[in-house]
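Let us walk through this structure step by step. Keep the sequence and the 3D view side by side as you read.

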Amino acid sequence: QSAYGGASDILLFSLAVFVPLALALRLLAGHWLHPGAMFAGYWAVAAAAPIAFYGRALDVSHRALLHIAVAVAVFGLGSLIFTERNPSIDNSHLAARLAAGEEPDVQSRLLMWTVAVGTVSGFGAGLAALAANGIPLDSVMSIDGLMSAGYEVSQSRYTNLLSKDYSSPTAHMVMRVLLALTYCAALVAPFLALTKVRLKKLWMFAPLPSLVFYGVLTTERAGMVFGIALSLGGYIAMRTLRDGRLPRIGVRGVAIVAMIVLLVTPLFVGMAMLRLGKLNPAGLATVRNQMNLYVFGYLPAFSGWLEQQQAPLGGDRPLGLGSATIAGMSLLTGQDREAFRYEEWVVIDDEGRVTNIYTIFRGLLIDFGQVGGVLALFVLGALAGRTYSTVIRRGSVIATMGLAACYSVILMSNTISLIHYSNVLGAMILATVVVGVALASRSAVKLARPAHQLATAASRPPGVTLRTSTDTQARAT
């Protein structure tokens, strides 16, 4: 058994290991939003954040902290393999077109329709969830009815009835498909910034209210969080494609993130109250405990699960080979998908509180074992670094969507592998197709150009486009 550390030990470990690791990767990568540096910075915060809410009651094994630190370092080192410290190209042809006031070669209608359909489907998913559990629509038209429905749905889910015994299995399947469309819209929406669509800033946030609606009816907060992660990942990747460099982190960006947190927090509290089925002051203490478990219980949960393993991971038990991390891999490995669902709960403190949120690292350990998990993270880091470099140097749309997926997975890594869910992975694939088709008309023009060509493109008046067969040939039309 590994030794355990309290709040002071965790804080000391964070300051001595996670923070220097994050700063070193930031220095080597050149930007906090580089995949390796972002993963390290994210976990420098995620490792210390639970201390503020659990204090001395928080116990995390040294083994768990060391494993996470090694995982973050290995991913970061892998991501640096294909990364240049100072890329020679600091802009893109698309950014020059936008700076010149030209209409970019983007099929804006396809993007708009995808966002519109996905927004509507989110509202439909909430209604389908009610039908899947045999709850009539008119029963949620009042506060009491809404709280009663929320309590019924959450109780069914936590007793494992919701996933096995639906009043309408067809409605459940429809709900999953509709959610996938909404997730796709959340990932596609930031790319409306490349168009001249009216009210595009408003449309870029359109899918999120429908996920809030779904969350209120079902008390499932995951859908809303997934949508935010996908939108943020898509926005960072879109900016990288548009500008040929990662977006700068300024006061405005920090303020936007802070505003998102302030807006999401009361929504979380409200959904937690709906799960209780009653609205009274006495329930606030219960809600606070639930919030702590949901948002900050991942570290002691992963630690508790890791210490409960009797045999070495990768020993006698068969490895998942990706089945616990990536949806659909069980079809290739021939293993039972149900065996990799996190249905068991782990006690995380002396008060007996339990959770089943174990971070992304549990799935990787189940899939590849301790040594194989480290190697897998190195390969994944190398792929992330390669994807980032391809976006910077070539302006690849497919690589851009891969980068967006990478950012989204990092933002949810304290919870689970985001692509563990089939409808999220399907949404990412569909979004790649949509954005790829929408930007396909630019495929004949290499985005990454020498500085003098960028200056020429930027100075060209509206109505003038580049038609090139090589990087040095340009003709006005």
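The protein chain holds 19 helices and 4 strands. Keep in mind that this is a predicted model.

Begin with the chain as a whole. It has 477 residues, and 52% of them count as buried. Its accessible surface comes to about 21,700 Å². Carbon and sulfur atoms account for 65% of that surface. Now look at how the chain contacts itself. Take the contacts with a separation of 6 or more: 78% of them join residues 24 or more positions apart.

Next, find helix 17, which spans residues 397-411. Two of its packing partners are worth a visit: helix 16 and helix 2.

Start with helix 16, residues 360-394. Its axis lies 10 Å from that of helix 17, and the two helices pack at an angle of about 140°. That angle makes helix 16 oblique to helix 17, because only angles over 145 degrees count as roughly antiparallel. The crossing is left-handed. Which residues make the contact? Helix 16 supplies Ile-360, Ala-384, Thr-387, Tyr-388, Thr-390 and Val-391. Helix 17 answers with Ala-399, Thr-400, Gly-402, Leu-403, Cys-406 and Val-409. By class, this contact has 8 nonpolar and 4 polar residues, and no charged ones.

Now turn to helix 2, residues 35-48. The axes of helix 2 and helix 17 come within 10 Å and cross at roughly 10°. The two helices are therefore roughly parallel to each other, since the cut-off for that class is an angle under 35 degrees. Helix 2 passes helix 17 in a right-handed crossing. On the helix 2 side, look for Pro-35, Met-38, Phe-39 and Tyr-42. They meet Leu-403, Cys-406, Tyr-407, Ile-410 and Leu-411 in helix 17. The residues of this contact divide into 9 nonpolar, no polar and no charged.

Compare the two lists for helix 17. Leu-403 and Cys-406 take part in the contact with helix 16, and Leu-403 and Cys-406 also meet helix 2.

Finish with a single side chain. Arg-239 sits in helix 11, residues 222-243. Is Arg-239 buried or exposed? Arg-239 is buried, because its relative accessible area is 17% and the cut-off for buried is under 20%. Leaving aside residues up to four places away in sequence, Arg-239 touches Gly-244, Arg-245 and Pro-247.

Key
Residues are numbered from 1 along each chain as its sequence is written. This is a predicted model: local features need pLDDT of at least 70, side-chain atom pairs count only at pLDDT 80 or more; totals for chains, interfaces and linings use all residues. Side-chain values use heavy atoms; hydrogens and water are left out. Axes are lines fitted to C-alpha atoms, for helices over the stretch in contact, and angles run from 0 to 180 degrees between N-to-C directions. Angles under 35 degrees count as roughly parallel, over 145 as roughly antiparallel, 65 to 115 as roughly perpendicular and the rest as oblique. A crossing is left-handed if the near helix is turned anticlockwise from the far one by less than a right angle, and right-handed if clockwise. Contact means heavy atoms within 4.5 Å. Ala, Val, Leu, Ile, Met, Phe, Trp, Tyr, Cys and Pro count as nonpolar, Asp, Glu, Lys and Arg as charged, and the others, Gly among them, as polar. Buried means under 20% relative accessible area, exposed over 50%, partly exposed in between (1.4 Å probe, protein chains only). Accessible areas come from the Shrake-Rupley method with a 1.4 Å probe; for residues, only the protein chains shown count as cover.
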